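Please consult the sequence and the structure shown here while reading.

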Amino acid sequence: MARPRAAATPEEHKRQERAYADAHAATYYHEMYQGPWPLYRARIEERLYRHLPRPRRVVDIGCGPIPSLPTVYEHAERYTCVDQSPGCLARLRLAYPRAEVVEADAEGFRVEGAFDLVVIIGVLHHVPEPPRVIEAAAALLRPAGLIVGMEPNERGEAVMDSPNERGIPDVEFDALYGRFEVLERWAWFVADYWMGLVERVPLPERPRRWADPTAWFAAVEDEERHMAEGGLPSMNVIIARRR
Ligand SMILES: C[S@@+](CC[C@H](N)C(=O)[O-])C[C@H]1O[C@@H](n2cnc3c(N)ncnc32)[C@H](O)[C@@H]1O
């Protein structure tokens with residue numbers, strides 16, 4: 001069952017999420033390089049490059065403290081990061097100085113230009129009205145530009161900490177991206193290995209525990225076993241094209 005949200009209004013919802021992201025920016029920064037996250041970034045980039053080998057102009061909505069797709073950042077001419085958390089953006093500026101940084105609400109912001117790629121990873125499940133973010137994203141894309149999206153569904157709620165985030169059911173996820181032409185669509189599972197750590201280890205301690213690379217392989221095997229046994233995924237991913 002979906003967890004209840006803490007906020008009574010959309011504005012309060014966003015304020016609470018901003019305060020949470022600011023408070024955890026330093027931990028997030030380290031966490032982004034560890035646990036299952038580098039693996040999912042690599043998987044997305046590998047599939048993205050089949051369709052768009054060189055994304056030159058990119059907007060990353062809800063980027064957090066590092067670019068959501070670091071290899072894409074490395075090769076982009078213009079990589080624009082949008083987030084409402086000044087704490088996360090301050091971190092990002094330190095390590096990724098070429099990024100153009102926009103502190104704004106993902107549900108309504110303006111960036112000049114037409115972009116090859118918009119990235120929305122782990123963001124829609126934090127906002128009160130996800131269709132408004134998709135609206136903003138679609139307006140940024142050049143004709144035939146691509147969008148990459150990833151969100152947890154209700155089974156991903158065990159890894160959620162902030163007051164208002166909740167999983168996006170599979171059907172809702174597909175509906176959000178319904179206006180685009182789907183190029184790649186897959187789902188994966190946050191392995192028991194990581195889930196167990198998330199449940200047992202409080203956030204400030206987690207990055208240190210996630211740093212063990214041998215655990216990555218155990219986690220991949222765990223994921224493969226789970227899926228082979230008919231287990232249900234907890235993360236949905238899409239790569240799609242503006243019609
Ligand atoms: C789980 S993090 C995802 C970070 C990153 N995209 C990644 O790939 O890991 C969610 C991010 O969304 C941002 N966010 C949440 N609500 C937002 C809003 N209404 N407008 C802009 N950013 C928002 C948070 O500040 C946070 O940095």
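Ile147 is buried, with 25 other C-beta atoms within 10 Å. A residue is called buried if 20 or more other C-beta atoms lie within 10 Å of its own, exposed if 12 or fewer, and partly exposed in between, with C-beta atoms placed from the backbone. The model is a predicted one, in which local features need pLDDT of at least 70 and side-chain atom pairs count only at pLDDT 80 or more, while totals for chains, interfaces and linings use all residues. Residues are numbered from 1 along each chain as its sequence is written.

**Ile147 and its surroundings**

Ile147 belongs to strand E5. Leaving aside neighbours within four places in sequence, Ile147 is in contact with Val118, Ala137, Leu141, Phe180 and Ala240; contact means that the C-beta atoms of two residues, placed from the backbone, lie within 7 Å. Ile134, a residue of helix H6, is likewise buried, with 24 other C-beta atoms within 10 Å.

| Pair | Separation in sequence | C-alpha to C-alpha distance |
|---|---|---|
| Ile147 and Ile134 | 13 residues | 9.6 Å |
| Ile134 and Ile120 | 14 residues | 8.9 Å |

Ala144 also lies in strand E5, but Ala144 counts as exposed because it has 11 C-beta neighbours inside 10 Å. The phi angle of Ala144 is near 65°, a positive value in a residue other than glycine. Most residues other than glycine have a negative phi.

**The sheet**

The chain contains ten helices and seven strands. These elements are DSSP runs numbered from the N terminus, with helices (H or I) of at least four residues and strands (E) of at least two.

Two strands are taken to pair if DSSP finds at least two bridges between them. E1 and E4 run parallel and are joined by four bridges, with Val58 opposite Leu117 in E4. Strand E4 (residues 115-121) also pairs in the parallel sense with strand E5 (residues 141-152), over six bridges. In that pairing, Leu146 of E5 is the bridge partner of Leu117, and Phe115 stands opposite Leu141 in E5.

**The nonpolar core**

Seven of the seven residues of E4 are buried, so this strand is largely enclosed by the rest of the structure. The largest nonpolar core has 51 residues, and those with the most contacts inside it are Ile61, Val118, Val119, Ile120, Val133 and Ala137. Such a core is a set of buried Ala, Val, Leu, Ile, Met, Phe, Trp, Tyr and Cys residues joined through C-beta atoms within 7 Å. E4 provides the largest share of this core, six residues. Val118 touches Val59, Ile61, Ala137, Leu140, Leu141 and Ile147, not counting residues up to four places away in sequence.

In the chain as a whole, buried residues make up 38% of the 243 residues. Among contacts between residues at least 6 apart in sequence, 71% join residues at least 24 apart.

Within helix H5 (residues 86-95), the buried residues are Gly87, Cys88, Leu89, Arg91 and Leu92. The buried residues of H5 pack against H1, helix H2 (25-31), strand E2 (78-83) and strand E3 (100-103).

The ligand is surrounded by 20 residues, the closest being Ala21, Gly62, Gly64, Ser68 and Ala106; a residue belongs to these surroundings if its C-beta atom, placed from the backbone, lies within 6 Å of the molecule. Helix H1 (residues 10-23) gives the most to this shell, with three residues. By type, the shell divides into eight nonpolar, seven polar and five charged residues. Here Ala, Val, Leu, Ile, Met, Phe, Trp, Tyr, Cys and Pro count as nonpolar, Asp, Glu, Lys and Arg as charged, and the others, Gly among them, as polar.
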